[in-house]
Amino acid sequence: MHRDHVPAVPPSFHLLASSPVCMNQGMIQLYPGAPAPDASAPADVHIFTVQGHPEFHKAITDEIVAARSATGLFSEEMVKDYRERAEWRHDGVDVVGKAIWNILRAARG
């Protein structure tokens, strides 16, 4: 979907997820003195980023794919790939959305 990307994990950030299409799907930077990411808590997160749009659901994505296909921005191969994967489970609201809420609730003041 995106035509931009972050090609490398910046110093002091920790990679959360990657895929063959996008190396940096998400990353965090912890507050100074926080434990390692595998032992940290939501309150330890200073910056949280994701490449995708966890708020997007199938209806939104269908519209984007149709519009970009109609203008030739997406090839038939890309549209076919999307259609094959459109019903797959994704980590949008159920995973990423909950992580965002947990971080916001625990934010240091």
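Visitor: How do you know that the span of helix H1 agrees with its number of residues?
Guide: This is a predicted model, and its atoms let us check. Helix H1 covers residues 58-70, which is 13 residues. At 1.5 Å a residue, H1 should span 18 Å. The C-alpha atoms at its ends are 18 Å apart, so the two values agree.

Visitor: Which residues of H1 are buried?
Guide: Thr61, Ile64 and Val65 are buried. They cover an arc of only 95° around the axis, which puts them on the same side of H1. Residues three or four places apart in an α-helix point the same way, because there are 3.6 residues a turn.

Visitor: What lies on the other side of H1, and what covers the buried residues?
Guide: Glu63 and Ala70 are on the other side, and they are exposed. Helix H2, residues 76-85, is included in what covers the buried residues of H1.

Visitor: What follows H1?
Guide: Glycine 72 follows H1. Its phi is positive, near 85°.

Visitor: What makes strand S2 largely enclosed by the rest of the structure?
Guide: Count its buried residues. S2 runs over residues 26-30, and five of the five are buried, so the rest of the structure largely encloses the strand. Both faces are covered. Gly26, Ile28 and Leu30 are buried on one side. Met27 and Gln29 are buried on the other. In a regular strand, side chains alternate between the two faces of the sheet.

Visitor: Why are S1 and S2 called paired?
Guide: Pairing needs at least two bridges between two strands. S1, residues 13-17, and S2 have four bridges, so they count as paired. The sense is antiparallel. Alanine 17 stands opposite glycine 26 of S2. Histidine 14 has isoleucine 28 of S2 as its bridge partner.

Visitor: How many bridges join S2 to S3?
Guide: Five bridges join S2 to S3, residues 45-50, and the two strands run antiparallel. Isoleucine 28 stands opposite phenylalanine 48 in S3.

Visitor: In what order do the three strands form the open sheet?
Guide: The order is S1-S2-S3, with antiparallel pairing. S1 and S3 are the edge strands, as each pairs on one side only. On average, neighbouring strands are turned by 20° against each other, direction ignored.

Visitor: Why is asparagine 24 called buried?
Guide: Buried means under 20% relative accessible area. Asparagine 24 has 3%, so it is buried. This residue sits in the loop between S1 and S2.

Visitor: Which residues is asparagine 24 in contact with, leaving aside its neighbours within four places in sequence?
Guide: The contacts of asparagine 24 are Val6, Pro7, Ala8, Val9, Leu15, Ala17 and Gln51, once those neighbours are left aside.

Visitor: What about tryptophan 88: buried or exposed?
Guide: Exposed means over 50% relative accessible area. Tryptophan 88 has 55%, so it is exposed. Tryptophan 88 lies in the loop between H2 and helix H3, residues 92-106.

Visitor: Where does tryptophan 88 lie relative to glutamate 84 and lysine 58?
Guide: A polar atom of the side chain of tryptophan 88 lies 3.5 Å from the backbone oxygen of glutamate 84. Lysine 58 is 30 residues from tryptophan 88 in sequence. In space, their C-alpha atoms are 10.0 Å apart.

Note on methods: Residues are numbered from 1 along each chain as its sequence is written. This is a predicted model: local features need pLDDT of at least 70, side-chain atom pairs count only at pLDDT 80 or more; totals for chains, interfaces and linings use all residues. Side-chain values use heavy atoms; hydrogens and water are left out. The expected span of a helix is 1.5 Å times one less than its number of residues. Buried means under 20% relative accessible area, exposed over 50%, partly exposed in between (1.4 Å probe, protein chains only). The arc is that of the directions from the helix axis to the C-beta atoms. Contact means heavy atoms within 4.5 Å. Axes are lines fitted to C-alpha atoms, for helices over the stretch in contact, and angles run from 0 to 180 degrees between N-to-C directions. A polar contact is a pair of N or O atoms within 3.5 Å; within protein, one must be able to donate a hydrogen and the other to accept it, and residues adjacent in sequence count only if both atoms are side-chain atoms.
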